[in-house]
Amino acid sequence: MKRWVIIIVALLIVGGGLWFWRSSAAHAKAATPYRMGVVDKGSVQTQVTATGTVSAVTTVQVGSQVSGTIKNLDVDFNSSVHKGQIIARLDPTSLQSSVDEAQANLDRAKATLAQAQRDLARTKDLFDKKLAAQSDYDSAQTAVDLAKASVEQTQAQFDRAKINLAYSVIMSPTDGTVISRSVDVGQTVAASLQAPTLFTIAQDLRVMQIETDIDEADIGGLKEGMEATFTVDAFPDQTFHGQIQQIRYAAQTTSGVVTYPVMISMSNPDLKLRPGMTANVTIVTAQRDNVLRVPAVALRFRPADASAPSRPEQAERDTTHAVRDTTRAARAPRDSTAAGHGFGGGGRGQGQGHGRGDMVGGEGGGGSRRLSTLWVRGKDGKPEARQVKVGLNDGNHVEIISGEIAAGDSVIVSVSGSSAASASSSTSRMPGFGGPGGGGGGGGGGGRR
């Protein structure tokens, strides 16, 4: 009896092992070695991101043209002022003394002139009667001329002293809001070398601007009048809207990177935005809606056993462009790059915003429309190439202009399982494809031919 039990148990174990082996083999045969992506319809857009500082359109620094001690302050931080309003006064004691002294000098000069004129009249009367010499008459005339010049000089000193006294009363040069006050009552103001800043007045805080620096690679895609959106840390859940007001020609070079100032204007009716806030700006440079699109990573996939491009000149050109765009991306500042991300062989990397246009390998850019290759699973389960013409590339999706692909199709985006490493290594050796870390990455942006 025990013998039969042992035989039955052994048969059950052998049968279970055989069933498990067949089930595992069938599952392995059915499993795909590739990760797939879906071709769909949607929006593709390229954009430039940067940071800037919020400021008033016009900011006036109010100083003092004369030295003295602050006697009164009639305004404070956040005070609204209008043009001609008195905002501060200096102690006028010293300045008033200068006026009084200049007045006394002027009176003395006038008295001297009157005496010289009387002496000239007497000398002229004697000269007419031939009782005075010509030299006496000339000396009397010279004394009158010198006295007149002295009067004019002291008059100018007197006028300047009165003007300096008037400068002791400091008035607002414009309508606006006081955003900064640099002095207190009793503080001495020294204006001997340059006018010290007492107040900073923003002309109108209901209209603000952002000054941001855009990299030279991205500046070509911007135009005055383009819409811009931005956020500030004070209101992280709110998106503000602005418009490019001015793109300045004055280039700035920092660590070998050339940037251009871009001024973005926006309204601030509720005064939420304050001068000095840091703005994270996004400017959409191109957008396509309801277009056929494919995941950008699919353009960077290439099977390990795939042959090289059939046209040698195309391969050489692609390699040259890839090297050029990689060099440009290395120079690009972090605060002014297009929001494009390249993927290569399972890795991820960032590319320059205005790449050279959607070549084989999916470099970033929106203007070029050369042929690229997508790979789908054939009937035998092996990768099958499909030629497509691509358009705009935002780093996540690429616009499909035309080609052997339709909405709903599945495309290969990478190799899964143990084959991923070898496929990634093979991909990184092809022109225009990035390896781990996004070596060949291409970002969004308006591509150029």
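Which residues have the most contacts inside the largest nonpolar core? In this predicted model, they are Leu 222 and Phe 230. The legends below present this core and other local features.

View 1. Strand 2 makes the greatest contribution, namely four residues.

**View 2. The surroundings of Leu 222.** Residues up to four places away in sequence are not counted here. With these set aside, Leu 222 touches Ile 214, Ile 244, Ile 247, Val 262, Ile 283 and Thr 285.

**View 3. Thr 212, a buried residue of strand 11.** Strand 11 spans residues 207–215 and includes Thr 212. The relative accessible area of Thr 212 is 1%; because buried means under 20%, this residue is classed as buried. Its side chain reaches the backbone oxygen of Thr 51 at a distance of 2.8 Å. Beyond its neighbours within four places in sequence, Thr 212 is in contact with Ala 50, Thr 51 and Gly 52, and also with Tyr 260, Pro 261, Val 262 and Ile 264.

**View 4. The aromatic pair of Tyr 34 and Phe 301.** The model contains four aromatic pairs. In the pair shown, the ring centres of Tyr 34 and Phe 301 are 6.1 Å apart and the planes meet at 80°; an angle over 60 degrees counts as edge-to-face, so the pair is assigned to that class. Tyr 34 belongs to strand 1 (residues 34–38), whereas Phe 301 lies in the loop between strand 16 and helix 5 (312–331). The pair thus links distant parts of the chain, 267 residues apart. Both Tyr 34 and Phe 301 are buried.

**View 5. Phe 235 and its ring partners.** Phe 235 and Phe 240 form an edge-to-face aromatic pair, with 6.3 Å from centre to centre and 70° between the planes. Phe 235 is partly exposed, with a relative accessible area of 27%, whereas Phe 240 is buried, with a value of 10%. The two rings belong to a cluster, linked by ring pairs, that also includes Phe 230.

**View 6. A charge over the ring of Phe 235.** The charged end of Lys 272 is positioned over this ring, 5.3 Å from the ring centre.

Definitions and conventions: Residues numbered from 1 in each chain as written. Heavy atoms only, no water. Helix = DSSP H or I, 4+ residues; strand = E, 2+ residues; numbered from the N terminus. Buried < 20%, exposed > 50% of the residue type's maximum accessible area, 1.4 Å probe, protein only. Polar contact = N/O pair within 3.5 Å; in protein donor to acceptor, adjacent residues only side chain to side chain. Contact = heavy atoms within 4.5 Å. Core = buried A, V, L, I, M, F, W, Y, C linked by side-chain atoms within 4.5 Å. Phe/Tyr/Trp six-rings, centres within 6.5 Å; stacked < 30°, edge-to-face > 60°. Lys NZ or Arg CZ within 6 Å of the ring centre and 35° of its normal.
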